[in-house]
Amino acid sequence: MNDTINRVETGAKVNKDFELFSDLQNMEHEQIVFCSRPEVGLKAIIAIHDTTLGPSLGGVRMWNYSSEKEAIRDVLRLSRGMTYKSAISGLNLGGGKAVIIGDSRTQKSEGLFRAFGRFVDGLSGRYITAEDVGISEREMEWIFTETKYVTGIPKHMGGSGNPSPVTGYGVYMGMKAAAKRAYGSDSLEGKRIAIQGAGSVASHLANYVSKENAALFVTDIFPEKAKKIANETGATIVDPDAIYTLDMDIFSPCALGGVVNDDTINVLSCDIVAGGANNILDNEEKHGEMLVRKGILYAPDYVINAGGIINVASELEGYNEQQSMEKTSRIYDTTLQIFDYAEKNGIPTIAASNKLADERIKAVAGIKTVYSSKSHFSGRKGETYLRNRS
Ligand SMILES: NC(=O)c1ccc[n+]([C@@H]2O[C@H](COP(=O)([O-])OP(=O)(O)OC[C@H]3O[C@@H](n4cnc5c(N)ncnc54)[C@H](O)[C@@H]3O)[C@@H](O)[C@H]2O)c1
């Protein structure tokens with residue numbers, strides 16, 4: 001896969017002429033589904049990027065996009081990211097994602113989400129949905145009413161519930177691997193760690209980090225959220241804009257993507273960037289290289305925030321929390337392996353991670369030329385990954 005498409009983060013400008021089919025070809029997507037039900041206000045796009053490794057899985061995001069073009073770009077980029085995330089995490093899943101265009105505070109309804117569920121069901125398991133920005137367990141229940149191809153449903157319904165605790169643990173493991181690489185020890189004791197965003201992932205991460213007696217800093221655009229983490233962990237609160245210039249060892253973006261960009265990279269003073277947000281680098285290629293030149297070690301976002309997908313993937317075979325945590329702890333080794341590969345090949349860590357993910361996909365695609373009764377007789381693709389659900 002190539003990296004010719006600039007990242008488009010939610011809310012960011014689309015900075016390239018829009019050519020749908022050339023984008024699909026450049027980014028190597030398999031299928032895009034546009035879903036419309038005006039009577040319930042549904043405007044959704046499902047993007048299936050790659051199903052070489054298994055059925056595509058990725059969350060559905062509800063966001064008030066400023067244009068349809070922006071929504072399409074977002075879903076293309078996010079679904080491609082899911083392919084890499086599952087591939088590097090050793091999961092037998094492909095990459096997919098969905099976006100619903102609308103205001104998640106005012107436009108949610110049972111009808112809208114059930115209609116979306118029916119569109120997901122129509123894909124017969126080629127796409128399995130999950131929770132993402134703007135979506136809560138209540139909407140997952142509505143979707144589940146219409147399709148079994150959904151993960152992240154509440155625990156009392158046999159699902160895995162909120163993935164954030166596992167994501168937070170994985171980010172912690174990835175951060176420790178980066179510390180091991182940068183400092184020779186994975187202890188975070190005394191390290192100045194700045195967490196941007198005081199949401200679900202951040203609160204779990206902050207808990208782990210504070211137990212190691214790190215010097216923790218936290219910020220949020222909603223001061224009460226930062227205060228909550230500060231009360232629980234003893235972290236120092238900083239202003240949202242001040243986080244970039246803070247004298248810190250580790251910068252951990254856990255809010256939005258695109259925060260390592262042309263404006264921030266020059267003022268960042270840290271040894272490591274390791275956070276839970278998706279698409280931390282505004283432009284993977286450019287900013288990955290700039291970080292190398294600044295001597296900052298980057299733990300690729302989709303590698304270390306994969307705890308969430310590892311957790312929901314476990315749901316497909318019968319949820320087991322302990323197994324999910326155990327698998328997520330392997331993020332430590334995967335991150336070190338990526339650092340080694342990057343060093344050996346003289347490339348940025350994000351490029352190393354993309355290459356390793358690509359290699360796994362190509363290897364599996366290669367073995368599919370060998371006849372196997374499993375793939376022939378075990379039913380539709382995706383079906384075997386799911387428990388029987390009524
Ligand atoms: N929840 C998961 O399991 C999971 C899994 C993988 C990736 N992620 C990614 O991790 C990030 C955080 O996810 P979450 O579930 O914790 O979300 P969340 O909504 O609970 O937390 C995000 C927090 O960031 C704050 N924020 C937004 N813009 C900010 C800014 N400019 N400066 C400071 N704070 C700001 C918000 O107020 C909010 O408190 C997202 O990018 C998400 O895509 C989450």
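1. How many Å separate the centres of domain 1 and domain 2, taken over C-alpha atoms? The separation of these centres is 26 Å, where domain 1 covers 20-81 + 95-150 and domain 2 covers 164-357, with bounds that come from an automatic or database domain assignment.

2. On the source: this is a predicted model, in which local features need pLDDT of at least 70 and side-chain atom pairs count only at pLDDT 80 or more, while totals for chains, interfaces and linings use all residues. Residues are numbered from 1 along each chain as its sequence is written.

3. An open sheet of mixed pairing is formed by five strands in the order S1-S2-S4-S3-S5 (strands being DSSP runs of E, at least two residues, and helices runs of H or I, at least four, numbered from the N terminus; two strands pair if DSSP finds at least two bridges between them). Strand S1 (31-37) and strand S5 (127-131) stand at the edges, each with a single partner strand, so one side of each lacks a neighbour in the sheet.

4. Strand S3 (residues 56-63) pairs with S5 in the parallel sense over five bridges, and Leu57 stands opposite Ile128 in S5.

5. Around the ligand there are 25 residues, of which Thr167, Gly197, Gly199, Ala255 and Gly308 come nearest (a residue is near a molecule if its C-beta atom, placed from the backbone, lies within 6 Å of it). Helix H5 (164-183) and helix H6 (200-211) each supply at least two residues of this shell, with H6 giving the most, three residues.
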